[in-house]
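Colleague: I am new to this structure and would like a close look at one part of it, the pockets. Please also describe what stands around them.

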Amino acid sequence: MAHSYTSCLYHCVWSTKQRRQLITPEVQERLWPYIWGIAKQNRMKALAVGGVEDHMHVLLSLPSTLSVSKALQLIKGGSSKWIHETFPA
């Protein structure tokens, strides 16, 4: 019986719209754990999450069944929706 093992790490970086400095320390304190949760819920491993006021970095290990585009859709879409609902201003 043959077994296979896949290990790919993805360093993903994206910025806020128009590079506006919206990710304040208050937002970061709640956003980084939220992103960890999205990853865990979708069988991804977030190895590092962080960033500054106008962009963020996520180092991900994905299961072989999940495409990079789908992973980023889940993380970016989920976190953006959460930010707009949690910090409407």
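Modeller: A pocket here is an open set of grid points with protein on both sides within 12 Å along at least five of seven lines, and a residue lines the pocket if one of its atoms is within 4 Å of a point. The model is a predicted one.

The largest pocket holds about 640 Å³ of space. It is lined by 21 residues, and Thr16, Leu22, Ser80, Ile83 and His84 are the closest to its centre. Two or more lining residues come from each of strand 1 (9-15), helix 1 (25-41) and helix 2 (68-86). Helix 2 gives the largest share, 5 residues. The lining of this pocket divides into 10 nonpolar, 7 polar and 4 charged residues.

Next comes the sheet, to which strand 1 belongs. It is an open sheet of 3 strands in the order 1-3-2, and the pairing is antiparallel. Strand 1 and strand 2 (45-52) are at the edges with a single partner strand each, so one side of each has no neighbour in the sheet. From one strand to the next, the twist averages 15°.

The pairing can be followed strand by strand. Strands of a sheet are held in pairs through backbone hydrogen bonds, in a parallel or an antiparallel manner. Strand 1 and strand 3 (residues 55-61) run antiparallel and are joined by 7 bridges. Within this pair, Val13 is opposite His57 of strand 3. Helix 1 packs on the sheet, where it touches strand 2 and strand 3, and its direction makes about 155° with that of strand 2. Helix 2 also packs on the sheet but touches strand 1 and strand 3, and its direction makes about 45° with that of strand 1.

Strand 3 has its other pairing with strand 2, again antiparallel and over 7 bridges. Here Val49 has Val58 of strand 3 as its bridge partner. A hairpin of 2 residues links strand 2 to strand 3.

To return to the largest pocket, strand 1, helix 1 and helix 2 each give two or more residues to its lining. Both helices pack on the sheet, helix 1 touching strand 2 and strand 3, and helix 2 touching strand 1 and strand 3.

Notes: Residues are numbered from 1 along each chain as its sequence is written. This is a predicted model: local features need pLDDT of at least 70, side-chain atom pairs count only at pLDDT 80 or more; totals for chains, interfaces and linings use all residues. Side-chain values use heavy atoms; hydrogens and water are left out. On a 1 Å grid over the protein atoms alone, a cavity is a set of points where a 1.4 Å probe fits but cannot get out, and a pocket is an open set with protein on both sides within 12 Å along at least five of seven lines; lining residues have an atom within 4 Å of a point. Grid points are joined across faces, edges and corners, and a volume is the space filled by probe spheres set on the points. Helices (H or I, at least four residues) and strands (E, at least two) are DSSP runs, numbered from the N terminus. Ala, Val, Leu, Ile, Met, Phe, Trp, Tyr, Cys and Pro count as nonpolar, Asp, Glu, Lys and Arg as charged, and the others, Gly among them, as polar. Two strands pair if DSSP finds at least two bridges between them. Axes are lines fitted to C-alpha atoms, for helices over the stretch in contact, and angles run from 0 to 180 degrees between N-to-C directions. Contact means heavy atoms within 4.5 Å.
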